[in-house]
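Have the sequence and the 3D view open as you read.

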Amino acid sequence: MNEPTPHHLASAEAKRLVVVLPVYNEADSIAAVLGEVREAAARLELAGVTTTVVIVDDESPDGTGEIARNCAERIGIDLTLVRGKKDGLGQAMLRGLAEALKQDPDEIVTLDGDGQHNPTDLPTLHRAFVARQADLVIGSRWTRGGRAPGTSFGRALGSRFGNWVFRLATGTRQVKDATTSFRVYSPRLVRFLLSTGSNRYSGYSFFSTTVALAEAAGYTITEVPIEFRPRYGGQSKLNRREVFRYFSSLPSLREERRRYTGDGHEAPYLATEEIALLSKATRWNRFVVDSALAGVADDHIERIVEVGAGLGGVTEVLLDRYPGAHITAIEPDAANYGALAEQFAGNGRVQALQGTLEGHRLELDAPADLVIYVSVLEHIGDHAGELKTAADALRPGGTLSIFVPALPWLYGPIDAKSGHFRRYAEDELRRLVTDSGFVVDHLGFVDRLGVVPYWLNYRLLNKSSISTGSMWAFDRVFVPAMQASERVLGRVPAGKNLVCVATRR
């Protein structure tokens, strides 16, 4: 479920950067571009980064590929030449990215072979990639500080208009220049893009498509201003056909994004850091458990199954609340399970298991008194089947407790990044629990104060991460304020989360 931590976050060792250059009839410019790549590589080497180059040549009649190979040998660049039939820029980009992955890189850079991108900006993009812990860094003409000298007024206006239509049509809000190819990709983002299939990436629309899908799936995107230069030579390959293809692809791209931003999405799980921060949010975890177990009589709870225990933040609260209870903490993710098992090693009241409830149900020593899901059910595709398994794991009259994100219209990039299939509506959750063999005792919203800040940050601004500072403020300031609000104002008519307490029939 969980991808490995990106290399640029995992280690201080030497990094490997691969530059991908798709070319076609770039004989006039490729030597100069490679010379500038070599200059950038020398600066990156001082920072502990080695640079190699992949040239993708689609049978250039002017011999661009051989010119590049000879130039690389002369100036000392490690170059791989990939040849293929002329099948459009999008397909060339995919071949180049796939070849780059074979070199086990920490980051992959793409840029044009005509000299309009300045390769000596590579160290700047590399710094942003590392410092901002990004999955995609875009060298942008149109973000604040970007420039495009020598670009005609009509061409600049057309590019800005195309990017505005892209944002409007697809709902991709945070990128000002989605049509440029000067970028740094994380390997995990490249693997994701390659996994989505090649038929959707055609021509110049490759660049806008990758931005839209990456943002929808919750990958972190940032822009760095660059100077977009006049080309060294040759003619632009952006023609009317490509412009038509770009605009005609936008409606279907909006639909494509829904696969990664709603029910049935296919986004990978990326929120490792957010899980670590939440596990340390002690006030929030206590509030969640108190809300999820509202009205539950504690005296008969002796055997607890916690599904999706993560790093054990909720487990700790359950241990304090039920000092005589035994907890079976089940976690599917291997990395989280390892930390969970280490944390509770030697604690005779906690049994940590890796896997799913379905996989371990028959191993339970006795039926449970309580099965609890805290911010877990939204991660499970077959949530109806999961709750039926929970019913089988409970004794008759046992308690089911659920805490889930609410309000489907709040679904944003951070939900996708966290691997959420959905956010729940009140009636939907009630039907789901009832149809799974339970009688609902309590169902209601919590965290009314969180709705507007969440909408502003994770829908309007499309943020896809939580910082350490904001989590500290959330746990120390916001949670007490939210608790006071709900005590004073009483029942919450709508909130950021839903809780459900039910009894097995």
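## A covered aspartate and its partner

Let's start with D58, which is buried at a relative accessible area of 6%. Buried here means under 20% relative accessible area, exposed means over 50%, and partly exposed is in between, using a 1.4 Å probe and protein chains only. This is a predicted model, where local features need pLDDT of at least 70 and side-chain atom pairs count only at pLDDT 80 or more, while totals for chains, interfaces and linings use all residues. Residues are numbered from 1 along each chain as its sequence is written, and side-chain values use heavy atoms, with hydrogens and water left out.

Which side chain meets D58 in a salt bridge? That would be R95, at 2.3 Å from N to O. A salt bridge is a side-chain nitrogen of Lys or Arg within 4 Å of a carboxyl oxygen of Asp or Glu. R95 lies in helix α4 (residues 89-101) and D58 in the loop between β2 (49-57) and α3 (64-75), so the pair ties together parts that are 37 residues apart in sequence. Helices (H or I, at least four residues) and strands (E, at least two) are DSSP runs, numbered from the N terminus. R95 is partly exposed, at a relative accessible area of 24%.

## Other charged contacts

How many salt bridges turn up in a search of the whole structure? The count is 14. D57, E66, R69 and R83 are linked in a salt-bridge network.

E99 pairs with K102 through a salt bridge of 3.5 Å, N to O.

R321 forms a salt bridge with D290, and their closest N and O atoms are 3.1 Å apart. R321 belongs to helix α12 (residues 313-321) and D290 to helix α11 (residues 282-292), so this pair ties together parts that are 31 residues apart in sequence. R321 counts as partly exposed at 24% relative accessibility, and D290 counts as partly exposed at 39%.

## Strand β12 and its neighbours

Strand β12 (residues 394-405) is mostly covered, with nine of its 12 residues buried. Strand β11 (residues 368-374) pairs with β12 in the parallel sense over six bridges; two strands pair if DSSP finds at least two bridges between them. Within this pairing, V371 stands opposite L400 of β12. The chain gets from β11 to β12 through helix α15 (residues 383-393), and this β-α-β crossover is right-handed. Right-handed means that, with the strands pointing away from the viewer, the path from the first strand over the helix to the second runs clockwise.

What about strand β14 (residues 497-504)? It joins β12 through seven bridges, and the two run antiparallel. S401 stands opposite V501 in β14.

## Strands β9 and β10

Strand β9 (residues 326-331) and β10 run parallel and are joined by five bridges. E331 has Q354 in β10 as its bridge partner. With helix α13 (residues 334-343), β9 and β10 make a right-handed β-α-β unit.

A352 is placed in strand β10 (residues 350-354), and A352 is buried at 18% relative accessible area. Its C-alpha atom is separated by 5.9 Å from that of I330, 22 residues apart along the chain.

## A loop threonine

T143 lies in the loop between β5 (136-140) and α6 (153-170). Is T143 buried or exposed? At 18% relative accessibility, T143 counts as buried. T143 and K176 are 33 residues apart in sequence, but 5.8 Å apart in space, C-alpha to C-alpha.

If you're wondering about disulfides (pairs of cysteine sulfur atoms within 2.5 Å), the structure holds zero. C71 is buried with a relative accessible area of 2%, and C500 counts as buried at 0%.

V452 lies in helix α18 (residues 451-460) and counts as exposed at 52% relative accessibility.
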